[in-house]
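Good morning, and thank you for joining this group meeting. I would like to speak today about charged side chains and how they pair.

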Amino acid sequence: MRRILIINTVNFYRQGISSVIINYYRVINHDKYKIDFVANEYMDPLYRKEIEEVGGRIFLLERGRTFNYFRKLISIIKENAYDVVHVNGNSATMAVELAAAKMAGCETRIAHSHNTTCTHLKAHKFLKPFFDFFVTEQLACSKEAGYWLFGRKNFRIIKNSLNPDNYRYDPVKRSLIRHELKINEWELLIGHAGTIEYQKNQEFAIELLKRVMERTEKSSDLSCKLIFLGKGDEENIKRLKEEAGRLGVEDRVIFYGETDDMQAFLSAMDIFVLPSRFEGLPMSILEAEFAGLPCVASDKVTEKTRISELVYYLPIENGLDLWADKIIELSEIVLRGTTKVSRAKRKMLIKELADGFDIDNTKHSLEEVYDCIVKSKVDTIALNR
């Protein structure tokens with residue numbers, strides 16, 4: 001049995017990198033791979049339960065206390081003699097985990113890039129030479145994410161994947177959620193899912209709501225609300241709430257937090273927005289497409305997320321009016337049911353286009369990586385004998 005330690009360098013919420021890791025964990029062959037986890041202080045309780053039910057162990061460490069974190073990592077890796085340490089993150093700060101794995105005697109040290117830039121560029125640039133020295137295998141969620149972290153060095157793409165059936169439009173769940181949120185059927189619900197943070201640019205979505213309301217208050221009877229799904233730092237959430245208050249739309253913005261039924265909330269939404277400042281290959285927009293939602297995304301989001309005709313990419317720099325125009329245009333479609341993305345047609349899953357992101361098809365890519373690495377290690381030992 002191969003012994004794998006997966007390290008998540010960001011908070012283990014039910015979104016982003018964490019959801020990618022768990023999606024693969026759910027379908028990987030647990031008779032073949034013994035997988036444990038290191039999480040940065042927090043592990044979502046539902047994820048914890050899933051992992052522990054199949055025998056995985058979870059080590060919660062405080063990454064911010066670098067020396068103690070580094071020392072404990074070395075101890076964990078040594079004691080459990082992992083064949084592979086697989087680090088997931090956005091930047092060369094993963095050098096910390098890779099160096100710990102090296103010092104603990106682990107020969108196979110994977111860095112997995114999930115983004116196209118980071119918010120701590122100075123630390124990234126300083127640690128990049130150390131990162132390059134300690135990493136032995138390079139994975140990325142997309143070509144752009146690979147180029148960002150590895151340059152022109154060889155890397156392998158492991159797509160962010162999911163089970164499309166988990167997001168299929170459900171009209172019953174739509175009614176239940178909208179009733180819970182007190183949203184009438186004739187109201188437009190704009191949705192966003194993601195960690196509340198700088199990268200996701202949620203303040204743009206609040207400004208967009210305000211602009212749409214201004215543009216339609218005299219010319220139409222459009223009524224709309226905005227819902228944010230996802231956790232985040234309390235200070236970031238407070239800042240967004242203050243911005244909504246400043247713009248006078250606080251009664252139209254819902255901060256719901258996390259949910260364990262994304263299908264229900266995507267079914268309840270009418271339009272999905274993703275105004276990110278940068279991205280790797282975001283799962284949220286794929287989930288929205290599988291639910292049949294029209295999506296408006298930043299042009300910083302890779303067009304590889306367009307697996308249907310439901311996605312529109314627009315600039316965020318000086319682009320607020322363009323976004324408002326598109327939202328108003330799409331509102332006519334989803335509320336009046338005039339074209340292919342009407343509610344009546346949202347039951348149709350875009351299966352023929354989604355195969356490349358279906359976890360049942362892509363799980364073998366990760367297993368092949370683990371198998372090739374471990375086989376190569378065994379062959380080397382045999383030759384040395």
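The side chains of Lys153 and Asp132 meet in a salt bridge, with 3.6 Å from N to O. By salt bridge I mean a side-chain nitrogen of Lys or Arg within 4 Å of a carboxyl oxygen of Asp or Glu. This pair links distant parts of the chain, 21 residues apart: Lys153 is in the loop between α6 (143-150) and β7 (156-157), and Asp132 is in helix α5. Helices (H or I, at least four residues) and strands (E, at least two) are DSSP runs, numbered from the N terminus.

A word on the source: this is a predicted model, in which local features need pLDDT of at least 70 and side-chain atom pairs count only at pLDDT 80 or more, while totals for chains, interfaces and linings use all residues. Residues are numbered from 1 along each chain as its sequence is written, and side-chain values use heavy atoms, with hydrogens and water left out.

Which other residue forms a salt bridge with Asp132? It is Lys128, and the closest N and O atoms are 2.8 Å apart. Both Asp132 and Lys128 lie in helix α5 (residues 121-134), four residues apart, about one turn of the helix. An α-helix has 3.6 residues a turn, so residues three or four places apart point the same way.

Is Asp132 buried or partly exposed? Buried means under 20% relative accessible area, exposed over 50%, and partly exposed in between (1.4 Å probe, protein chains only). Asp132 counts as partly exposed because its relative accessible area is 27%. Lys153, at 40% relative accessibility, is also partly exposed.

Let us turn to another pair. Lys304 and Glu144 form a salt bridge through their side chains (3.4 Å, N to O). Here, too, distant parts of the chain are linked, 160 residues apart: Lys304 in the loop between β12 (295-298) and β13 (311-314), and Glu144 in helix α6. Lys304 is partly exposed at 41%, and Glu144 is partly exposed at 31%.

Salt bridges can also form a network, as they do among Arg211, Glu214, Arg215, Asp321 and Asp325. Asp321 is located in helix α12 (residues 320-336). Between Asp321 and Arg211 there are 110 residues in sequence, yet 7.5 Å in space, C-alpha to C-alpha.

Finally, how many salt bridges does a search of the whole structure find? The search finds 31.
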